[in-house]
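Student: I would like to go through this structure with you, one question at a time. May we look at it together?

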Amino acid sequence: MPPRVSLFITCFNDTIFPQTGQAVVTLLERLGVTVDFPLEQTCCGQMHFNTGYATEAIPLVRRFVEVFSDSELIVSPSASCVGMVRDYYPRVAELAGDAGLAAAVAELRPRVLELSELLVDQLGVEDVGAHFPHRVTYHPTCHSLRMLKVADRPLRLLRAVGGIDLVELPEATQCCGFGGTFAIKNADTSAAMLTDKVRAILDTRAEVCVSADNSCLMHISGALSRQQTGVRTMHLAEVLAQTISGGVA
Amino acid sequence: MSPAADPLAPRFPAAASAALQDSQLRHNLGHATQTIRAKRAQAVGEVPDWEGLREAGRALKERVLRHLDDHLMALEESVTRAGGTVHWARDGEEANRIIGDIAVAHGVSEVVKVKSLTTDETDLNAALERRGIRAWETDLAELINQLAGDTSSHILVPAIHKNREQIRELFVRTLPDAPPGLTDDPRALAEVARRHLRALFLRARVGVSGVNFAVADTGTVSVVESEGNGRMCTTLPEVLVSVMGIEKVIPSWEDLEVYLQLLPRSSTAERMNPYTSLWTGVTPGDGPQEFHLVLLDNGRTNVLSDEIGRQALNCIRCSACLNVCPVYERTGGHAYGSTYPGPIGAILTPLLSDMSQARSLPYASSLCGACYEVCPVKIDIPEVLVHLRQRVAEDPHAPLRERLSPEHLAMRAVARVFADRRRYEAGQRAARFGQWPLARGGKISRLPGPLAAWTATRDLPAVPAQSFRDWWRQRS
């Protein structure tokens with residue numbers, strides 16, 4: 001078991017979804033992991049890179065590599081930000097024309113893990129001792145599925161949760177229509193995709209829609225809330241942090 | 001001239017918004033793409049080493065592109081040796097002129113055509129029309145579009161946006177031989193088209209086709225199809241002209257083995273397509289006695305010089321990426337304003353037109369990656385989309401209003417904030433205080449400016465009082 005894990009919270013979770021970070025800390029500490037949080041971290045640069053502003057992402061990549069250079073393992077509750085680091089940081093380093101950065105990125109990449117990868121692959125646990133007596137459906141986000149290929153790791157973790165009523169989401173692997181700036185630039189198409197995702201979620205009669213990315217969840221919950229569906233969204237970490245004796249920190 | 005893209009087409013978001021309102025289109029497309037998706041998954045699932053096959057298909061194309069000039073010269077030599085004539089066309093205009101000259105030299109006023117994206121790309125039919133030559137489309141869906149004065153909306157199923165009833169109505173209106181009581185039974189519709197086309201096949205003296213694969217070492221050219229119209233067009237006329245993008249060359253006969261497995265399963269979800277026509281030059285007394293092969297560049301050599309973009313030239317036009325694309329499924333092909341719609345069109349069109357057009361297409365994707373997952377030649381479409389977005393966003397020749405757009409300014413400002421912890425934390429505080437006129441009950445339902453596009457259909461969570469890092473500091 002690794003003695004220490006550095007939390008890469010992501011700018012988005014830090015600012016808008018602090019409860020997810022708190023849940024990760026609670027969960028990992030419960031499993032005997034020491035968590036540290038390098039305060040110098042800010043943003044991985046994904047939004048800039050994906051929208052075409054790769055040059056703006058270069059200093060952010062440099063910063064990330066420096067901030068986490070001493071970390072043995074880095075965990076993040078965001079599949080898409082982990083995907084950025086693992087799949088696209090080498091490309092940014094190449095664009096920067098900086099061999100030193102490229103080497104540092106190559107060295108860092110394998111140590112950056114999404115939460116379910118850390119739990120299942122590194123810690124070797126599926127039953128994390130959680131208890132969550134609710135009807136839940138799981139939306140596999142595109143980047144967790146197709147970039148990181150986390151496969152059924154999140155589902156294995158959810159299946160082991162006590163009291164949970166886990167129902168399969170129809171057409172689960174269909175994108176929710178978020179896509180970062182896509183949701184703004186092609187708002188109508190994005191909304192059409194979201195409508196179908198919401199319909200699939202409502203069809204499950206779940207109380208809670210769970211996912212490994214708060215960005216997609218923010219998109220989905222935006223419609224669930226606007227349409228007064230009464231369905232809420234929760235990050236996977238928040239469900240796994242719940243125990244029979246009570247909630248999160 | 002513009003390859004692929006229509007310069008007058010509206011930008012993707014506007015064209016898509018209009019298409020989204022077309023309930024018939026949404027229904028037709030939703031049904032068609034979901035059906036073919038499931039069938040493809042099954043057809044691919046039968047092949048034990050599909051991933052190995054994909055990798056072989058990709059690697060082979062990569063090697064071909066690296067020595068494209070050599071393979072093309074070899075192809076020219078072998079086609080010539082087999083009695084064919086090879087023409088080199090720098091762009092679509094040149095290709096159209098070559099084909100028109102051949103038709104004029106034979107004194108014909110009409111040609112029969114096999115479905116060909118390459119001739120759609122060069123707008124051949126219009127060019128021939130201007131010289132008084134009628135080009136008859138013989139693929140059923142292309143015929144439907146031609147009769148309707150419509151354009152293709154799918155690489156493989158060009159009339160996917162039309163349903164049986166719409167086709168029935170069209171045939172009754174436009175085909176003199178259509179029986180008055182024609183039903184929308186697919187067999188009845190196909191029979192009417194067969195009768196109409198049969199007369200054309202028997203009459204036409206010049207056939208025009210595209211090319212799926214051209215084998216460099218034997219000079220063999222191949223057309224892969226389902227309906228048999230291609231076989232008719234490539235065997236019955238006295239003269240056959242085939243047009244191919246220069247990336248369609250493969251080194252040897254054995255390489256067909258890879259692609260003839262990848263293509264049908266990916267495109268029509270069949271183990272093998274019904275008709276695979278292969279011919280080598282001219283055979284005396286059998287088939288066309290004059291064969292011309294037109295090698296078309298039309299922007300392709302420019303794409304070759306783009307290290308990330310060049311993988312788009314791997315494309316074998318199977319259309320699997322269209323069928324799995326959540327954007328295409330909802331907007332249809334016309335919204336892309338290009339010969340090549342869907343995910344592959346969103347990269348191929350801007351690449352071929354050197355970004356002067358189609359600047360909105362690289363953004364017509366949520367980067368969900370479903371296209372890359374199914375691509376039989378492993379084109380990393382999301383990677384190329386992001387690469388092209390960079391070319392749009394960092395284009396030094398973009399108009400000033402684009403370079404000083406709210407998006408550009410915001411992206412630069414945010415990057416500056418993220419580059420420094422103190423600025424970042426100040427930014428978090430600013431967001432928390434700045435939202436007070438907008439946040440109600442923990443959510444934001446109306447935002448000003450471009451962000452209103454989000455809140456038109458979605459709420460946003462309000463920024464909570466305490467950030468994670470504040471909680472962490474307090475805790476330790």
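Student: What share of the contacts in chain B with a separation of 6 or more comes from residues 24 or more positions apart?

Tutor: This is a predicted model, in which local features need pLDDT of at least 70, side-chain atom pairs count only at pLDDT 80 or more, and totals for chains, interfaces and linings use all residues. Residues are numbered from 1 along each chain as its sequence is written, chains are lettered from A and ligands numbered from 1 in the order written, and side-chain values use heavy atoms, without hydrogens and water. A contact means heavy atoms within 4.5 Å. For chain B, the share is 72%.

Student: Why does the radius of gyration of chain B agree with a compact globule?

Tutor: The radius is taken over C-alpha atoms, and the globule rule is 2.2 Å times the number of residues to the power 0.38. With 476 residues, the rule gives a value near 23 Å, which agrees with the radius of chain B, 26 Å.

Student: How much of chain A is buried?

Tutor: Buried means under 20% relative accessible area, with a 1.4 Å probe and protein chains only. Of the 249 residues in chain A, the buried ones make up 64%.

Student: How many helices and strands does chain A have?

Tutor: Both are DSSP runs numbered from the N terminus: helices are H or I with at least four residues, strands are E with at least two. Chain B has 23 helices and 13 strands. For chain A, the count is 13 helices and eight strands.

Definitions and conventions. Buried < 20%, exposed > 50% of the residue type's maximum accessible area, 1.4 Å probe, protein only.
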